[in-house]
Amino acid sequence: MEPVFAVLTGIFLVVAIYMLLSKSIIRMLLGVAVLGNAVNLLIFTSGRIMREVPPVIGAGLDVPAGPTANPLPQALILTAIVISFSFFAFLLVLAWRAYSELKVDNTDMMRVAEPDDAALPPLGY
């Protein structure tokens, strides 16, 4: 099962990088969300996925009797989900504000700090 999740994580990372390289703000925003999910899936896969044995130490034992799933990555993922959702919400509001001010979604068209008639900056010194 873990190789399937590893391949799925790789697909998520490729899709996220492709979307982040886009010029559209909405695609970039979705790329950030997919990248967060890919990282969460990577952490989840690194903690070994096992449903047979819960991560509970029995009475009279110092360590679990057999191989168990690591609960720490699962706890980290719960925290990461909350943080990535709040980051996504912040970026969504930022993108909405930029779109409402500039009336454009393309990052090449958002260059309001550079006047159209200004000379290009020097390419070397």
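A: Let us start with one residue of this predicted model: Glu101 has a relative accessible area of 53%, and because exposed means over 50%, Glu101 counts as exposed.

Q: With which residue does Glu101 form a salt bridge?

A: A salt bridge is read from the nitrogen and oxygen atoms of the two side chains. Glu101 forms one with Arg97, the closest N and O atoms being 3.3 Å apart, and both residues lie in helix H3, four residues apart, which is about one turn of the helix. Arg97 is exposed as well, with a relative accessible area of 51%.

Q: How many salt bridges does the structure hold?

A: The structure holds two salt bridges, and in one of them the side chains of Lys23 and Asp108 meet at 2.7 Å, N to O. Lys23 lies in the loop between H1 and H2 and Asp108 in the segment after H3, so this pair ties together parts that are 85 residues apart in sequence. Lys23 is partly exposed at 46% relative accessible area, and Asp108 is partly exposed at 36%.

Q: Is Ser22 buried or exposed?

A: Ser22, which is found in the loop between H1 and H2, has a relative accessible area of 14%, and because buried means under 20%, Ser22 counts as buried. A polar atom of the Ser22 side chain lies 3.2 Å from the backbone nitrogen of Ser24. Leaving aside neighbours within four places in sequence, Ser22 is in contact with Arg27 and Met28.

Q: What covers the buried residues of H2?

A: The buried residues of H2 include Ile25, Leu29 and Leu41, and what covers the buried residues of this helix includes helix H1 and helix H3.

Conventions. Residues numbered from 1 in each chain as written. Predicted model: local features only at pLDDT ≥ 70, side-chain atom pairs only at ≥ 80, totals over all residues. Heavy atoms only, no water. Buried < 20%, exposed > 50% of the residue type's maximum accessible area, 1.4 Å probe, protein only. Helix = DSSP H or I, 4+ residues; strand = E, 2+ residues; numbered from the N terminus. Contact = heavy atoms within 4.5 Å. Polar contact = N/O pair within 3.5 Å; in protein donor to acceptor, adjacent residues only side chain to side chain. Salt bridge = Lys/Arg side-chain N within 4 Å of Asp/Glu carboxyl O.
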